[in-house]
4 protein chains.
Amino acid sequence: MPAQPTGRFQPPDVRRRQILDAVAALLLQDGYEALTISKVAARAGVAKGTVYLYFDSKQELLAALQAEMWGRMLEAPAALLERPELSWGDRLDGLVAAWVSAEQDHQELYHRLFHELGTAGDEPMGEARALLVRILTEGHEAGEFDVSDPELTADFLTHAYAGPCHHASGADVTAAVQGLFRRVVAAR
Amino acid sequence: MPAQPTGRFQPPDVRRRQILDAVAALLLQDGYEALTISKVAARAGVAKGTVYLYFDSKQELLAALQAEMWGRMLEAPAALLERPELSWGDRLDGLVAAWVSAEQDHQELYHRLFHELGTAGDEPMGEARALLVRILTEGHEAGEFDVSDPELTADFLTHAYAGPCHHASGADVTAAVQGLFRRVVAAR
Amino acid sequence: MPAQPTGRFQPPDVRRRQILDAVAALLLQDGYEALTISKVAARAGVAKGTVYLYFDSKQELLAALQAEMWGRMLEAPAALLERPELSWGDRLDGLVAAWVSAEQDHQELYHRLFHELGTAGDEPMGEARALLVRILTEGHEAGEFDVSDPELTADFLTHAYAGPCHHASGADVTAAVQGLFRRVVAAR
Amino acid sequence: MPAQPTGRFQPPDVRRRQILDAVAALLLQDGYEALTISKVAARAGVAKGTVYLYFDSKQELLAALQAEMWGRMLEAPAALLERPELSWGDRLDGLVAAWVSAEQDHQELYHRLFHELGTAGDEPMGEARALLVRILTEGHEAGEFDVSDPELTADFLTHAYAGPCHHASGADVTAAVQGLFRRVVAAR
DNA sequence: AATGAATGAGGCTTCATTCAT
DNA sequence: GATGAATGAAGCCTCATTCAT
């Protein structure tokens, strides 16, 4: 798979993007173990040394990609909190929709990224969890949900949603997962 | 970390155990990436070559550990299917108890093992899933559960239970997760 | 034995040559069994990894050296076939001269290389043999030689010429071997 | 290929033979590079340690096999020197017959053994050469041969005879090689 | 005499990272 | 800013040899 035929000189953001895209593509294609800087450079159409102009190490390169992905998972649901007209159930649905969609977009990309999370990887996951905890807590306080232990339930749901994304035969996974989330938090 | 002070010659099962235990300990302690045969040997108190007397390759060593863990997760719940006096809810509770306990025993050991599953790792996971699918399906047919899509729900739950096992502050995680499972499958 | 004091960066051909020369030197000095990539690198004055920049594996490194040597043995004699003014005896003499000279240059280098020929090594040997078979056959048909079984005779001579190259005390080995070849093919 | 079903205790010579036979068989089958003491032991039907009861090292094991083979190549031709009724040509024929037969028996066994000859291997080769030198010299002095440089000619012939043994399509290789030897030494 | 589990040095190869151009 | 040849530490695995039983 040859490099994209871009010019030799590129604006920094473009180069950065090319490299991150290359990492994502390779991760999806061959998995984490097979990922090498050489391949990333080749795929991005740059020299090996160039990768190090944009990222200090392999670790940081992966961390950057991970951070990007977490961002996509957090923005949309967080925005829903600002809209007063929504019910907590709506917000939970929105969060599920965002997460399922992110998961499906990157398929297992994010799971493959879990390898190197030992260090910095925990923090963004914490943010996602915190968001869910907040929805559960406030939804419960509003009488809309029945969640006795929001933290534990958030851990449960945080792991759960990913399951159906992979195996499921297309169909409406989002709706199905939303239904399951609703069952877990349902009042009564 | 010095080797366990065992004699030079050991019965084969003992050596095998020592080595597998060393792998588990190191995996928990330092993670998958940091696992080397050298460290395994040192931790097990044997020479590097000895590891290869018992396992043909690093792959097989990890596969053996994984197989062992899946066995522990499948035996007890499968046995519950044979006991006619139990309700489907009881069986589901039993499965949760076994899985949570296995998860807590090995903490993230099993998750760290997910790296090398590309090959043989899928099969046992399939068995665990199949077991859960069966419980959900038959519980639904018996009118005890309300599960419209057993496959998808199994994928959901298969991922979900692990979440609370790690973060949760001790307490009665098992009971809590059993409760969440019940909510997901609850009739009405 | 310290590395040759060459600069750190070298044109690709130069580096390639340095490495091949190092292999040849070590092979002559210590034999095939003792040949390691480490020693090759040290002798060539490069890091171990550099060897793999130029050759994909130890096998290929040896194959490259072997191919080079076969080339030297085949080019000159093959050229003689194109010159109509030569008798078949002249051509046979030319072939002997080339082979003896190649053999003496590399002494037993080529014999030590015979270890790894299992794969690609047979082919070039076949070419050398084919060349000789052709000379014997056509020389016989021209009435200049008397060779009843060219194939068998070629096998005989292909092995024979190497013998005197090593032991012989300098002198004129080439002339002597030419004389022996002439005896083997002599008409009458 | 399972071990020969011999009893656990064997007279020393039998064991020794079993081990040497195993080496020869493996050498022929898989080549020198693939030869390990483990395989030798397995093939001979003994434990690895047992091999070391009979041979001090791998080197010595191979040397012993080589010595045996040289013996077979030297005994018969040397005996011919004692029989006054024979011509030198007959003796040369006898030597060729013995060498070709030995070569064919072990096919390339002896060539595969040439790898480790660096040390002790030269000596027996020297004996074979000396025998041939003597035949050439005395045959020449007797006016039966015309050999101007017996040493060089011996080196030539010592290498030559092996060529036809492998490729040749059965037939009467011995006679053919005898004919070629005769041509090389022919008076006139 | 025989065993075979255990050893550990050492080989091949990979790959993150550097740096002279 | 970009390059890519060069580096060398470190990993996996093999196998001749030893030694307690």
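Buried area is the accessible area, taken with a 1.4 Å probe, that two parts lose on being put together, summed over both. By that definition, chain A and chain B bury about 2200 Å² between them, and carbon and sulfur atoms account for 67% of it. On the side of chain A, Leu152(A), Phe156(A) and Arg183(A) lose the most area to chain B, together 30% of what that side buries.

The model is predicted: local features need pLDDT of at least 70, side-chain atom pairs count only at pLDDT 80 or more, and totals for chains, interfaces and linings use all residues. Residues are numbered from 1 along each chain as its sequence is written, chains are lettered from A and ligands numbered from 1 in the order in which they are written, and side-chain values use heavy atoms, with hydrogens and water left out.

The interface of chain A and chain B comes first. Counting contact as heavy atoms within 4.5 Å, 26 residues of chain A touch 26 residues of chain B. Two salt bridges are counted between chain A and chain B, a salt bridge being a side-chain nitrogen of Lys or Arg within 4 Å of a carboxyl oxygen of Asp or Glu. One joins the side chains of Asp146(A) and Arg183(B), with N to O at 2.6 Å. The elements that give two or more residues to the side of chain A that touches chain B are α8 (150-160), α9 (162-167) and α10 (173-185) of chain A. Helices here are DSSP runs (H or I, at least four residues), as strands are (E, at least two), numbered from the N terminus. By class, that side of chain A has 16 nonpolar, five polar and five charged residues. In this scheme Ala, Val, Leu, Ile, Met, Phe, Trp, Tyr, Cys and Pro count as nonpolar, Asp, Glu, Lys and Arg as charged, and the others, Gly among them, as polar.

How are the copies related? In general, two copies of a chain are related by a rotation about an axis and a shift along it. Chain A can be laid on chain B with an RMSD of 0.4 Å by a turn of 178° and a shift of 0.1 Å along the axis; the superposition is by least squares on the C-alpha atoms of residues with pLDDT of at least 70 in both copies. In chain A, the C-alpha nearest the axis belongs to Ala160(A), 1.8 Å from it. The same surface serves both copies, as 100% of the contact residues of chain A recur in chain B.

Chain C and chain D form another such pair. Chain C can be laid on chain D with an RMSD of 0.3 Å by a turn of 178° and a shift of 0.0 Å along the axis. That is the relation of a two-fold axis. Within chain C, the C-alpha of Ala160(C) is nearest the axis, 2.0 Å from it.

The contact takes 26 residues from chain C and 26 residues from chain D. Leu152(C), Phe156(C) and Arg183(C) supply 30% of the area that chain C buries against chain D, more than any other three residues. Asp146(C) forms a salt bridge with Arg183(D), with the closest N and O atoms 2.7 Å apart.

The DNA remains. A residue is near a strand if one of its heavy atoms lies within 4 Å of it. Of the 37 residues around DNA strand E, Thr50(B), Tyr54(B), Tyr52(C), Lys58(C) and Thr50(D) come nearest. In chains A, B, C and D, α3 (48-54) supplies at least two residues of the surface near DNA strand E. Of the atoms of DNA strand E within 4 Å of the protein, 68% belong to sugar or phosphate and the rest to bases.

DNA strand F is surrounded by 37 residues, the closest being Thr50(A), Tyr52(B), Lys58(B), Thr50(C) and Tyr54(C). A backbone N or O atom of Gly49(C) lies 3.5 Å from a base nitrogen of DNA strand F, while a polar backbone atom of Ala47(C) is 2.8 Å from a phosphate oxygen of DNA strand F.

Notes. A polar contact is a pair of N or O atoms within 3.5 Å; within protein, one must be able to donate a hydrogen and the other to accept it, and residues adjacent in sequence count only if both atoms are side-chain atoms.
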